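Please look over the sequence and the structure shown here. The paragraphs after them go through the main features in turn.

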Amino acid sequence: QVQLVESGGGSVQTGGSLRLSCVVNGNTDRINLMAWFRRPPGKKRAGIAALYIVNGRTYYSDSVKGRFTISQENTKNTAYLQMTSLEPEDTGTYYCAAGRYNRGDNYVEVLARASFAAWGQGTQVAVSS
């Protein structure tokens with residue numbers, strides 16, 4: 001069983017930066033994909049970034065591409081989401097997720113299905129103008 005613990009949320013002004021962390025505990029034998037999801041106030045949760053651990057390939061949604069970076073530090077069993085140039089539209093609850101990616105899968109579809117083995121508890125990000 002895999003457990004995820006997130007941290008790093010907070011309140012910033014437009015243009016600011018935050019780094020979210022996600023510590024991964026437990027049996028990760030079948031985990032090869034880390035992802036971050038975001039749920040804006042009053043809206044549905046949506047995937048915004050994914051990292052295929054095997055080869056380091058990443059995927060970003062158009063809304064965060066060029067501003068956010070997903071990464072992992074294996075020695076600390078931690079995944080990160082570095083967020084820069086934050087905008088009020090980035091406000092929401094951020095969740096990390098751990099799952100399995102099969103070669104040939106479409107990242108958009110994988111994130112849309114949101115069928116991940118484990119989820120973090122969520123961390124709040126608020127961006128003010």
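**The disulfide and its surroundings**

C22 and C96 are joined in a disulfide (a pair of cysteine sulfur atoms within 2.5 Å), with their sulfur atoms 2.1 Å apart. C22 belongs to strand β3 (residues 18-26) and C96 to strand β9 (residues 92-99), so the pair ties together parts that are 74 residues apart in sequence. The link of C22 and C96 is right-handed, with 60 degrees about the S-S bond. C22 and C96 are both buried, where buried means under 20% relative accessible area with a 1.4 Å probe, counting protein chains only. The structure has one disulfide.

This is a predicted model, in which local features need pLDDT of at least 70 and side-chain atom pairs count only at pLDDT 80 or more, while totals for chains, interfaces and linings use all residues. Residues are numbered from 1 along each chain as its sequence is written, and side-chain values use heavy atoms, leaving out hydrogens and water.

Along the sequence the pattern reads β-β-β-β-β-β-β-β-β-α-β-β.

Among contacts (heavy atoms within 4.5 Å) with a separation of 6 or more, 60% come from residues 24 or more positions apart. The C-alpha atoms fill a box of roughly 40 × 30 × 25 Å, taken along the principal axes.

Methods:
Helix = DSSP H or I, 4+ residues; strand = E, 2+ residues; numbered from the N terminus. Buried < 20%, exposed > 50% of the residue type's maximum accessible area, 1.4 Å probe, protein only.
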